[in-house]
Amino acid sequence: MNQEVLPETGEGAKARKSLWKTIVVASCLFALDAIVLNLPSIAVATAFALFFWLIPATLYHAIKENREMEVFCAKKVLVYLVMVAAIFVSFSLNNRLAEQRAEVLVAAIDKFHDHKGSYPKSLQELVPEYLDAIPRANYTVSAGTFFYFFDGDSARLMYYCGPPFHRRIFRFKGREWYILD
């Protein structure tokens, strides 16, 4: 197999250093988008940058027969494509986890209502009789909490699917999920 070895000085060293910077930047963007925000907005912006800047740059270098830059750009494209895919997978898994945990909370609130004849005033009333602890909605910093609203005869459970918008709410009176925003 023919492997291209870049020299340790000049363009090869710069390309390797720049590729490591790309990996670090992509990792930081993944952490921000997937772990802190739970929004695929950075992934979408990166995808636009890939398709309108980095992929054309790779093709340009391929046409100009600059093999070293073509390989370097292709590696950067691959790093950012992996980051975009990882963010979307994380976003999807976090929302699926929140859905499952919300169903557990709904069942516990229903049991409370069946036993006591009213809805709890707060989620803390479910602990420890109906739940060991109130679960986090998902594994993100900004949107990992369930919100519960009780107004005397009705109750609602809410969590963020994609903050600051796209709130998923369960209305106990109508026994339905709906999305706000």
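Student: Before we start, what counts as a helix or a strand here?
Tutor: Helices are DSSP runs of H or I with at least four residues, and strands are runs of E with at least two, numbered from the N terminus. Keep in mind that this is a predicted model.

Student: What box do the C-alpha atoms fill?
Tutor: Roughly 75 × 30 × 25 Å, taken along the principal axes. The chain has a radius of gyration of 24 Å, while a compact globule of 181 residues would have one near 16 Å.

Student: And how many of the residues count as buried?
Tutor: 36% of the 181 residues do. The chain exposes about 10900 Å², with carbon and sulfur atoms supplying 63% of that area.

Student: New topic: where does arginine 168 lie?
Tutor: Arginine 168 is in strand S3, which covers residues 165–171.

Student: Which residues does arginine 168 touch?
Tutor: Leaving out residues up to four places away in sequence, its contacts include Glu99, Trp177 and Tyr178.

Student: Last one: how many charged side chains does the chain have?
Tutor: There are 20 positive and 18 negative side chains, and the centres of the two sets lie 3 Å apart.

How values were computed:
Residues numbered from 1 in each chain as written. Predicted model: local features only at pLDDT ≥ 70, side-chain atom pairs only at ≥ 80, totals over all residues. Heavy atoms only, no water. Contact = heavy atoms within 4.5 Å. Rg over C-alpha atoms; globule rule 2.2 N^0.38 Å. Buried < 20%, exposed > 50% of the residue type's maximum accessible area, 1.4 Å probe, protein only. Areas by Shrake-Rupley, 256 points an atom, 1.4 Å probe, with all protein chains shown as cover. Lys, Arg positive; Asp, Glu negative; His and termini not counted. Charge placed at Lys NZ, Arg CZ, Asp CG, Glu CD.
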